[in-house]
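This report covers the core, the strand pairing and the charged pairs of one protein model. Please keep the sequence and the structure in view while reading.

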Amino acid sequence: QVQLVESGGGLVQAGGSLRLSCVASGSTAGIDAMGWYRQAPGKQRDLVAGISSTGMTNYAASVKGRFTISRDNAKNTVYLQMNSLRPEDTAVYYCKADVYYSGAFPVGYWGQGTQVTVSS
């Protein structure tokens with residue numbers, strides 16, 4: 001079992017920055033990839049950025065060059081630095097961890113989400 005707690009969301013004006021944090025606890029030794037997803041009202045939850053256990057990253061096209069995902073495995077924490085924020089970035093941002101137990105496929109765990117609102 002893994003628990004994820006996000007923090008760092010808030011209200012910011014367009015062009016501003018926020019830094020999101022996600023702290024994992026529980027069976028953290030089994031965590032492989034982690035990622036940030038977001039969901040706006042009436043829309044599906046989509047991947048924003050992902051990072052592997054060794055630091056390889058991938059980003060949604062809409063955030064490339066503006067957002068940076070990183071992780072500190074010693075602290076069981078993943079971060080999302082968000083710069084040059086736009087109103088269309090407004091969403092609830094969720095942290096996800098893929099955890100391997102005994103099988104060949106991971107179990108996904110989600111945090112509770114943190115609201116990011118970008119005003120124009």
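Leu4 touches Cys22, Val23, Ala24, Met34, Cys95, Lys96, Ala97, Tyr109, Trp110, Gly111 and Gln112, leaving out residues up to four places away in sequence; contact means heavy atoms within 4.5 Å. The structure is a predicted model, in which local features need pLDDT of at least 70, side-chain atom pairs count only at pLDDT 80 or more, and totals for chains, interfaces and linings use all residues. Residues are numbered from 1 along each chain as its sequence is written, and side-chain values use heavy atoms, with hydrogens and water left out.

The largest nonpolar core has 29 residues, of which Leu4, Met34, Trp36, Leu80, Met82 and Tyr93 touch the most other members. Such a core is a set of buried Ala, Val, Leu, Ile, Met, Phe, Trp, Tyr and Cys residues joined through side-chain atoms within 4.5 Å. Buried means under 20% relative accessible area, exposed over 50%, and partly exposed in between (1.4 Å probe, protein chains only). Two or more core residues come from each of β1 (2-7), β3 (18-26), β4 (31-39), β5 (46-51), β7 (67-72), β8 (77-82), β9 (91-99) and β11 (114-119). With five residues, β9 gives the most to this core. The strands are DSSP runs (E, at least two residues), numbered from the N terminus. In soluble globular proteins, nonpolar side chains tend to be buried together.

## The four-stranded sheet

An open sheet is formed by four strands in the order β1-β3-β8-β7, with antiparallel pairing. Its edge strands are β1 and β7, each of which pairs on one side only. From one strand to the next, the twist averages 15°; axes are lines fitted to C-alpha atoms, and angles run from 0 to 180 degrees between N-to-C directions. Two strands count as paired if DSSP finds at least two bridges between them. Between β3 and β8 there are six bridges, in the antiparallel sense.

Thr77 belongs to strand β8, and Val23 stands opposite Thr77. Thr77 is buried, at a relative accessible area of 7%. Leaving aside neighbours within four places in sequence, Thr77 is in contact with Cys22, Val23, Ser70, Arg71 and Asp72. The side chain of Thr77 also reaches the backbone oxygen of Lys75 at 2.9 Å. Thr77 and Ala24 are 53 residues apart in sequence, yet their C-alpha atoms are 6.2 Å apart in space.

## Pairing around β4

Strand β4 pairs with β9 in the antiparallel sense over seven bridges. Five bridges join β4 to β5, and these two strands also run antiparallel. Arg38 has a bridge partner in β9, Tyr93, and stands opposite Asp46 in β5. The hairpin of β4 and β5 has six residues between the strands, and Gly42 there takes a positive phi near 75°.

## Salt bridges

How many salt bridges does a search of the whole structure find? It finds three, a salt bridge being a side-chain nitrogen of Lys or Arg within 4 Å of a carboxyl oxygen of Asp or Glu. In one of them, Asp89 pairs with Arg38, and the closest N and O atoms are 2.9 Å apart. Asp89 lies in the loop between β8 and β9 and Arg38 in strand β4, so this pair ties together parts that are 51 residues apart in sequence. Both Asp89 and Arg38 are buried.

Arg66 forms a salt bridge with Asp89 as well, with the closest N and O atoms 2.8 Å apart. Because Arg66 lies in the loop between β6 (57-59) and β7 and Asp89 in the loop between β8 and β9, the pair ties together parts that are 23 residues apart in sequence. Arg66 is buried, as is Asp89. Through shared partners, salt bridges join Arg38, Arg66 and Asp89 into one network. Lys96 forms a salt bridge with Asp98, where the closest N and O atoms are 3.8 Å apart. Asp98 is partly exposed, with a relative accessible area of 21%.

Notes:
A polar contact is a pair of N or O atoms within 3.5 Å; within protein, one must be able to donate a hydrogen and the other to accept it, and residues adjacent in sequence count only if both atoms are side-chain atoms.
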